[in-house]
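Have a look at the sequence and structure, then read on.

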Amino acid sequence: MESFTEDHSKALLAKEWLVKVDSQTSTPYLFKFFCSSVDLTACILVTDTKAAWAEVLTSNQFARRWRTCNKLSISPLPDTDEEESWRDHHLALIGRAHSLGGFLGLTLELEKPTSGDLALQLECNNWKWRWEPTFLGPRLSAEIISKHLIMPLISVNHLAFSSSDVLGDLAPGDLEKATDKVGRTARRTVDTHIKNALSRPRVATTLQRMTAMFNFLPELPAITTDAGTPDLRALTADQISSPKITVRDTEHKPHDYDMEPLQEPTPPKLPQQEDSATESESEGAAPKQRTLLASPTPSHQLRVSGRPPSASLSKDGSPALPGRSRSRTEAPASESDPSLVRPNKKLKPQGSDDDDSEEERKRHAAAIKSGAAAKRGTRQPLKRGGKRF
């Protein structure tokens, strides 16, 4: 048995595809047949669209195969001309059987191969024939299937979708002209032809839906006629960058119920003085001081959970102000009218704030005990180092 060559493949390009289905495995097989009346050779190409098999028979091999399948004498006829005429007659019979009309009258059965990779037995009314092709290999199989089946199907599909007329209603002559026109364009620039044939939205989505339907997909894609133009701009670095996570972001933030901020009422406007304002504790300023000290309420403070109020209460229940605030409130009373100084009463010692210095408390206590509070006049400004929050 001869090997399958490029010349045999070219000879099969002008032949039609024939289809037979194996009833046992429900596998469709596609056939292409070629025979030569010059050297009395026969060639068959078989594919299941996944692999390809081929067989080439010489004149002697063909005659021996026919006699074996039909249980005839293997010995050739004694006369050479009669033997050649006999071979030519039976080869033409096989050729007629491998045609569109004759192939329908044949039955196909798969049998166990003896010399090849596949055994296909064709049977007619009064004769039988057997093909035993060999596998061509994955690379040659793909090349042959592409050249003989896939590329022609793409071109015919392009003709069907690009033609304004229905191909089934065209006359054979008109269909030949339309086919030749598409074929001439396709063979000049194959790459452009494939792109134009499969890039149309109607064709692409039709193939997409057919593929989904053929493979039992539950959701079938829709067929569209306009693909649209999507936005293909890539994101810039500013768009994809996210804010950096710092340690402060990961710390616990108090909830709304942890902090209840209250609006602090506007304090009374007082004349601004320097930090070293003169301190005066005359009796006339004492009632005013008590009035100002009693005015702040706990609503001035921000109630934060877990933190005590910043100002402490004095012994008589009135909140004490820092030393600097006291000096600012007392100074206008003593400096505005010095003649209104009355004999001092003994003032109850008031608890000073945490901001008063230790020296201020000692001086105040010593002045009360010695009764020198009535002789107070203008003092030198005190330098206090108040605590800063």
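What covers the buried residues of H3? Strand E2 (27-36), strand E3 (41-47), helix H2 (59-69) and strand E7 (128-131) are among the elements that do it. Keep in mind that this is a predicted model. The notes below start with that helix and then move on to the cores, the sheet and one histidine.

**Helix H3**

- H3 takes in residues 80-97, and at 1.5 Å a residue its 18 residues should span 26 Å; the end C-alpha atoms are 26 Å apart, so the two agree.
- The buried residues of H3 are Glu83, Trp86, Arg87, His90, Leu91, Ile94 and Ala97.
- Those residues cover an arc of only 125° around the axis, so they sit on the same side of H3.

**Nonpolar cores**

- The largest nonpolar core has 27 residues, and the ones touching the most other members are Phe31, Val46, Ile94, Trp127, Trp129 and Trp131.
- At least two residues of this core come from each of E2, E3, strand E4 (52-57), H2, H3, strand E6 (119-123) and E7.
- H3 gives the largest share of this core, with 4 residues.
- There's also a second, separate core of 9 residues, and Phe4, Cys43, Ala54 and Val56 are among them.
- Leaving aside residues up to four places away in sequence, tryptophan 131 has contacts that include Phe33, Ile44, Leu57, Arg65, His98 and Leu122.

**The sheet**

- Five strands make an open sheet, running E1-E2-E3-E4-E8 with antiparallel pairing.
- Strand E1 (18-22) and strand E8 (134-135) are at the edges; each has a single partner strand, so one side of each has no neighbour in the sheet.
- The antiparallel pairing of E1 with E2 runs over 5 bridges.

**Histidine 8**

- Histidine 8 sits in helix H1 (residues 6-12).
- Its relative accessible area is 18%, which is under the 20% cut-off, so histidine 8 counts as buried.
- The side chains of histidine 8 and threonine 5 are joined by a polar contact of 2.8 Å.
- Not counting residues up to four places away in sequence, histidine 8 touches Glu2, Ser3, Cys43 and Val56; Cys43 and Val56 also belong to the second core.

Definitions and conventions. Residues are numbered from 1 along each chain as its sequence is written. This is a predicted model: local features need pLDDT of at least 70, side-chain atom pairs count only at pLDDT 80 or more; totals for chains, interfaces and linings use all residues. Side-chain values use heavy atoms; hydrogens and water are left out. The expected span of a helix is 1.5 Å times one less than its number of residues. Buried means under 20% relative accessible area, exposed over 50%, partly exposed in between (1.4 Å probe, protein chains only). The arc is that of the directions from the helix axis to the C-beta atoms. Contact means heavy atoms within 4.5 Å. A nonpolar core is a set of buried Ala, Val, Leu, Ile, Met, Phe, Trp, Tyr and Cys residues joined through side-chain atoms within 4.5 Å. A polar contact is a pair of N or O atoms within 3.5 Å; within protein, one must be able to donate a hydrogen and the other to accept it, and residues adjacent in sequence count only if both atoms are side-chain atoms. Two strands pair if DSSP finds at least two bridges between them.
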